[in-house]
Structures are given as structure tokens and as C-alpha cells.
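Here is a briefing on one protein model.

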Amino acid sequence: MADYKHKARKRFGQNFLTDKNIVGKIVMSISPQPGDNLVEIGPGLGALTRPLLAKAKRLQAVELDRDLIPRLRESCRDAGELLIHEADALEFDFSTLAEPARPLRLVGNLPYNISTPLLFHLIGFIAAIRDMHFMLQKEVVDRMAAEPDTDDYGRLSVMLQYHCAVEPLFTVPPGAFNPRPKVDSRIVRLLPHPAPPSPVENYADFSALVKQAFSQRRKTLRNNLKPILDADIIAALGIDPGTRAETLSLADFAKLANAWTGIKNK
């Protein structure tokens, strides 16, 4: 499945999936169908690309490493229609691939070194996305799915859970890759909410407030939110200003953001 003549590039964070059983489990989890608007991020040597293409018959891919593109086309030439966009996924406008009746189904073995900024980038296209299935470092998936008052809960947890239901699926060991990463990986499914579970009046304010609240994890809300909200206002919302951000629920963050928006609009 893999072509070892291509040396994985550290700067691209490349770890190529080689375990056929794991590939089969991932494809089964995604359940691609003809007519799906499938987009693979970082197809690499095509371990997932070919079986996905064989089921969906058409697939678009975003790949930064130009050396991989010819062999990707060659290995998939008889599997279906493959459209490759040579681009950096961190800068790519995914909305250009969506169609009104065919929202995006994003898949990919995401490079560990860009996974968090890439997830934040993809949030910007959430209205055009049907679902996402990614392989990520296990620790990142733990943070994505974390609940309040746990060590893993943070800005990534809040922002992703505002937009999506986060469903960790199964763990992938280092031996499933070449070269072997030093950590376990995990498959995760992200399903965009039909509407946010805790609506906010101004999304930009919500995003900025969450970032500010987690700016120094060991400090309290009173200190971290001081530039935007007084402790008295926080307390009036039924939230203890002496607590830390990781104790707050998504609804609490929405309450704080809406209060800030209201003050700014006076």
C-alpha cells in the first residue's frame, strides 16, 4: 500500500498509514457512498484515498507535497475520479468545494504539527460541512472531547463543541504507520450541530472571550477576564469569578460572551 521510496518529510509532519486492517476500519467508519462530496486532507501515499475512491467514485484531495501528487494519481487512476488541489490546507478555502445540495465530508490523517490550527481553520467552513473524520494524535482528540473540570478541557474543547458533536472512535497504535510516531493516534468523528447548543449574540466576541479566559490557565476568571468583564458582572451571571476557566460549561461561556456583547452595544 505504501511506497517506501518516498521519504517522509518532517516539515510536513508525514507519518504514512500502512496497516490495511486499520484502513478498513476507518473506511467503514466513514461509510462513503456514491454522490458524497468527499474531500481528503493530506492523502499522502493514498492508503485511504484508493479505498475511499473505490466506494464514492469521486474524491477531491488537498495535498501540499507536490512530489506525492504524480504517484497518487497513478495509484488511483482506475479507482474513480480523483481531483487534487495542490495547496496548504491551513490556507485553503474549503467553501469553494461545497455545493448547495452536497455539503463536504472531510477526512484525513492530519499532520500532528498542524492539527490544532487546522481544526480552528476548518471551523470557519462549518456551514458547508456535513461531517469530518480525522486521525489525530490521541492527546488532541482527548482535548477535543474533554468535559469541564478535567485537565484536558480547554479552548479547543469549547470552540469545537460549540460547533460539533465530538465522537472519539478508536485508537491507532504507532505500528500502523511508517515512520512510526512516538504517540498513539485516534480516529474522531465530528458532526456539526444543526444549531449551536448555547447560542451567542456575537460569535467574534464569544471566540475572543474563550481565548482570553484560557490565556493563563492557572489564573482565575477575575484575572483573565479583567480586560473585558468586571468580577461583579461575572458574579451577577451566577458564575464564581474566583474559579478557573476549565470549570465552566459551554453555556457559561455563552453567558459571559453575551454579557460582554451587551455591554459593548450600550
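R130 and D36 form a salt bridge, with their closest N and O atoms 3.3 Å apart. A salt bridge here is a side-chain nitrogen of Lys or Arg within 4 Å of a carboxyl oxygen of Asp or Glu. The pair links distant parts of the chain, 94 residues apart: R130 sits in strand β6 (residues 129-137), D36 in the loop between α1 (20-30) and β2. The model is predicted: local features need pLDDT of at least 70, side-chain atom pairs count only at pLDDT 80 or more, and totals for chains, interfaces and linings use all residues. Residues are numbered from 1 along each chain as its sequence is written, and side-chain values use heavy atoms, leaving out hydrogens and water.

**Salt bridges**

- By this rule the count comes to 12 salt bridges.
- R130 is partly exposed at 43% relative accessibility, whereas D36 is buried at 8%. (Buried means under 20% relative accessible area, exposed over 50%, partly exposed in between, with a 1.4 Å probe and protein chains only.)
- E81 and R58 also meet in a salt bridge, at 3.5 Å from N to O. E81 lies in strand β4 (residues 81-86) and R58 in strand β3, so the pair ties together parts 23 residues apart in sequence.
- E81 is partly exposed, with a relative accessible area of 41%. R58 is partly exposed too, at 25%.
- R77 forms a salt bridge with E74; the closest N and O atoms are 3.4 Å apart. R77 is exposed at 63% relative accessibility, and E74 is partly exposed at 43%.
- Salt bridges with shared partners join D36, R105, R130 and D131 into one network.

**Strand β2**

- Five of the five residues of β2 (residues 37-41) are buried, so the strand is largely enclosed by the rest of the structure. (Helices are DSSP runs of H or I, at least four residues; strands are runs of E, at least two; both are numbered from the N terminus.)
- N37, V39 and I41 point one way from β2, and L38 and E40 the other way.

**Partners of β2**

- β2 runs parallel to strand β5 (residues 104-109), joined by five bridges. (Strands pair if DSSP finds at least two bridges between them.)
- β2, helix α2 (residues 49-56) and β3 make a right-handed β-α-β unit. (Right-handed: with the strands pointing away from the viewer, the path from the first strand over the helix to the second runs clockwise.)
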